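Please read these notes with the structure open beside you. They go point by point.

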Amino acid sequence: MAKLATATRSPALAGKSIGGQGVSLKVLEPAGRMSLRARPAAVAALSRALGVTLPQKSKTSAAKHGRFALWLGPDEWLVIDEAGADLLADCSSVKGLHSAVDVSHRNVGIAVAGPNAALVINAGCPQDLSLQAFPVGACSRTVLGKVEIVLLRTGEDAFRVECWRSFSDYVYGFLSEAARG
Amino acid sequence: MLLIHCPYCEEERPELEFRNAGEAHIARSTNIAAESDEDFEKFFFIRSNPKGVIFERWRHIHGCARFFNVARDTITDRFLLTYKAGEPKPDIATLSSEAGPAAWANRPPDQLNEKPRAKRSTKGEA
């Protein structure tokens, strides 16, 4: 009789958090993520299927019911569902030509919050994170130290940093060091 | 740090997000097999490497990931113009006569994301 093998997925840095001077870091729960590329013709249908309007303007994002759509490029979005819903299933009915790849376990999300959040991220990120240049809801693919991240401003003093799983140790370590002040 | 205007993100971004991708406007022959060795060498290896204005491809690799073209002065390292891939090569004479500070992007933060000059905001399909 064959034994049933079951694998338990262990998220990277699960549940880690740290509080520093005016800033707190928290590794976020696993979420559903999708890398989406589509021509303009399919965007409206995809927005309807996903229930969140895909933003068309650079550095903007849209959010609805715990689902975020982040503009990464002129035809490229990162869609995050905090509840971990199957984003690919939602897109499967769309007829227009598009490419949807599930990258849920490729990324680790880290919440950086507090009055010094922008300063801590700016320790390794060269972008202007003032509210003028990077308002609430702004998002961008950029760099932190020596790795690539996707940055989303969720509040005036709150950010979501998305990095690749294998870079998460580096990113979390980098941000913790920066948070020490 | 240089600030480079990405024509797709439509704003200035730090140079760390960009990567140079060699000389621009080098057309590959439609019948590459018929090229003579000398012509292929010219197409493949020989670059102009001028002192002065050069047209280059750049990629906003840690941003929107798009390739675009720039006109850059190799002496001052000043980016004279950035434009989307596929747009025609601008006239070099009009570029070099352009006056202005070498680091034109050194502006106060509140003016940073405004469209700088009419010439920079070239619109069109890639």
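**Notes on the two chains**

1. Start with a helix of chain A. Helix α1 of chain A spans residues 40-50, and its buried residues are A:Ala42, A:Val43, A:Leu46 and A:Leu50. Seen down the axis of α1(A), these buried residues fall within an arc of 115 degrees, so they line one face of the helix. Here is the background. An α-helix has 3.6 residues a turn, so residues three or four places apart point the same way. Keep in mind that this is a predicted model.

2. What covers the buried residues of α1(A)? The cover includes the strands β3 (32-38), β5 (67-73), β6 (76-81) and β7 (98-102) of chain A. It also includes the helix α2 (87-91) of chain A.

3. Look at what follows the helix. After α1(A) comes A:Gly51. The phi of A:Gly51 is positive, near 80 degrees.

4. Now turn to chain B. How many helices and strands does chain B have? There are two helices and six strands in chain B. From the N terminus on, the order in chain B is β-β-β-α-β-β-β-α.

5. Next, burial and contacts in chain B. Chain B has 126 residues, and 21% of them are buried. Take the contacts in chain B between residues at least 6 apart in sequence: 57% of these join residues at least 24 apart.

6. Last, the contact between the chains. Chain B gives 16 residues to the contact, and chain A gives 16 residues. On the side of chain B that touches chain A, nine residues are nonpolar, three are polar and four are charged.

Notes. Residues numbered from 1 in each chain as written. Chains lettered and ligands numbered in written order. Predicted model: local features only at pLDDT ≥ 70, side-chain atom pairs only at ≥ 80, totals over all residues. Contact = placed C-beta atoms within 7 Å. Nonpolar A, V, L, I, M, F, W, Y, C, P; charged D, E, K, R; others polar. Helix = DSSP H or I, 4+ residues; strand = E, 2+ residues; numbered from the N terminus. Buried ≥ 20, exposed ≤ 12 C-beta atoms within 10 Å, placed from the backbone. Arc of directions from axis to C-beta.
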